[in-house]
Amino acid sequence: MNSNYAGRITGLIAFVMGCWMSFPAQAVVREYWIAAEKTAWNYAPSGRNLIKPEAGLGVWGETPAYTKYRYIGYTDGSYAKPLAQPEWMGILGPQLRAVVGDTLRVHFLNKTDRPLSMHPHGMLYDKNSEGADGDGAGASVPPGKSHTYTWIADKDAGPGPADPSSIVWLYHSHVMEEEEPNLGLIGTIVITRKGMARSGSDPAPRDVDQEFTALYMIFNEEEGKEGGMKHTINGRIFGNLNGYETRLGKRVRWHVVALGNETDNHTVHWHGQTVLDHGRRTDVVEVLPASMTSVDMVPRSPGHWLFHCHVDDHMMAGMSTRWRVLP
Ligand SMILES: [Cu+2]
């Protein structure tokens, strides 16, 4: 080969490599289409207490279904095809995901009969994308109207030094904050540390195999009457939340969140395994309204295990389900 030609080729390769290396992983704009809708919701679709069948559903089963408001994800701006979501997500809205450096563009359509919003925790936003508090464009979206929120996953929205490679934030409606999460308008955002995403198109962290989310919350359906106090995990009671399933030895991350009132002080307890909670080994994680935490587990024993709140009254009221570890 002509040495001059070889030199030019080598130079070109070096130039291309130099350009490549000087651009870190491209920041991505991730778009979501979410509608608020009125839907029927059944807290115990089986009609049974699947944890202690002989105890029945008690007063909490007298009225199992109510009209709720929910965030429903769609594949695009035609709002025609709902996003599929796993059964264990229950009443939760779509899980939004980003990597530090990304931007979330969330198109919100209010299909209900009252003004609503989307307020994210943790993200960087301006007043128009706060989804709360005053005259920003997204603070109160009237029935039939839409608004696009721009939420930036800056470094302060991402995992801190003591956090695992992804962390969870809540989003919820915040026009009348004291009412709207209780209507069912709640979802989560998971932010992955820069450099830890599986790929450019998959922002999930590459050092875990599965991520589950659990919302511990008492929905107050009948102004405090006990039978209307639905002690739920993701909106289900007495073992009616299905689909938490993993396998021995998998790396599993649990994102645990809570919302609600002064009775929403929950001690989230896994049977059969332990979790690593920011360096602390435990099998109970404590949450209060708007708590958000992410803990890691590698299941060590197969079985169909309880996952429940350890507060006695809450356990008795159905704040319990089972999850499966396959051998
Ligand atoms: Cu509890």
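**Entry 1. Copper site**

I began with the spacing of the copper donors along the chain, and I read it as H-x42-C-x4-H. I note here that the model is predicted. I then looked up which atoms the protein supplies to the copper ion: ND1 of His266, SG of Cys309 and ND1 of His314, lying 2.0 Å from the ion.

**Entry 2**

I followed β13 into its sheet. I found an open sheet of five strands, with mixed pairing and the order β11-β19-β18-β13-β16. At its edges stand β11 (245-247) and β16 (284-287); each has a single partner strand, so one side of each is left without a neighbour in the sheet. I recorded an average twist of 25 degrees from one strand to the next.

I then examined the pairing of β13 with strand β18 (residues 303-309), which is antiparallel and runs over three bridges. Within this pairing I located Trp270 opposite Phe307 of β18. I return to the copper site for one remark: the donor Cys309 carries a number that falls within the residue range of β18.

**Entry 2. The four-strand sheet**

I looked up a further open sheet, this one of four strands, and wrote down its order as β3-β8-β7-β5, again with mixed pairing. Which strands stand at the edges here? They are β3 (96-99) and β5 (119-120), each with a single partner strand, so one side of each lacks a neighbour in the sheet. I inspected the pairing of β3 with strand β8 (residues 186-192) and found it parallel, over four bridges. Val99 stands opposite Thr192 in β8.

**Entry 3. Ala137**

Ala137 is found in the loop between β5 and β6 (146-152). I noted its relative accessible area as 46%, which makes Ala137 partly exposed. Leaving aside residues up to four places away in sequence, I found that Ala137 touches Asn128 and His147. I also looked up the separation of the C-alpha atoms of Ala137 and Tyr149, which is 9.2 Å, the two residues being 12 apart along the chain.

Terms used
Residues are numbered from 1 along each chain as its sequence is written. This is a predicted model: local features need pLDDT of at least 70, side-chain atom pairs count only at pLDDT 80 or more; totals for chains, interfaces and linings use all residues. Side-chain values use heavy atoms; hydrogens and water are left out. Donors are N, O and S atoms within 2.8 Å of the metal (3.2 Å for Na, K and Ca); water is not among the atoms, so sites may look incomplete. Two strands pair if DSSP finds at least two bridges between them. Axes are lines fitted to C-alpha atoms, for helices over the stretch in contact, and angles run from 0 to 180 degrees between N-to-C directions. Buried means under 20% relative accessible area, exposed over 50%, partly exposed in between (1.4 Å probe, protein chains only). Contact means heavy atoms within 4.5 Å.
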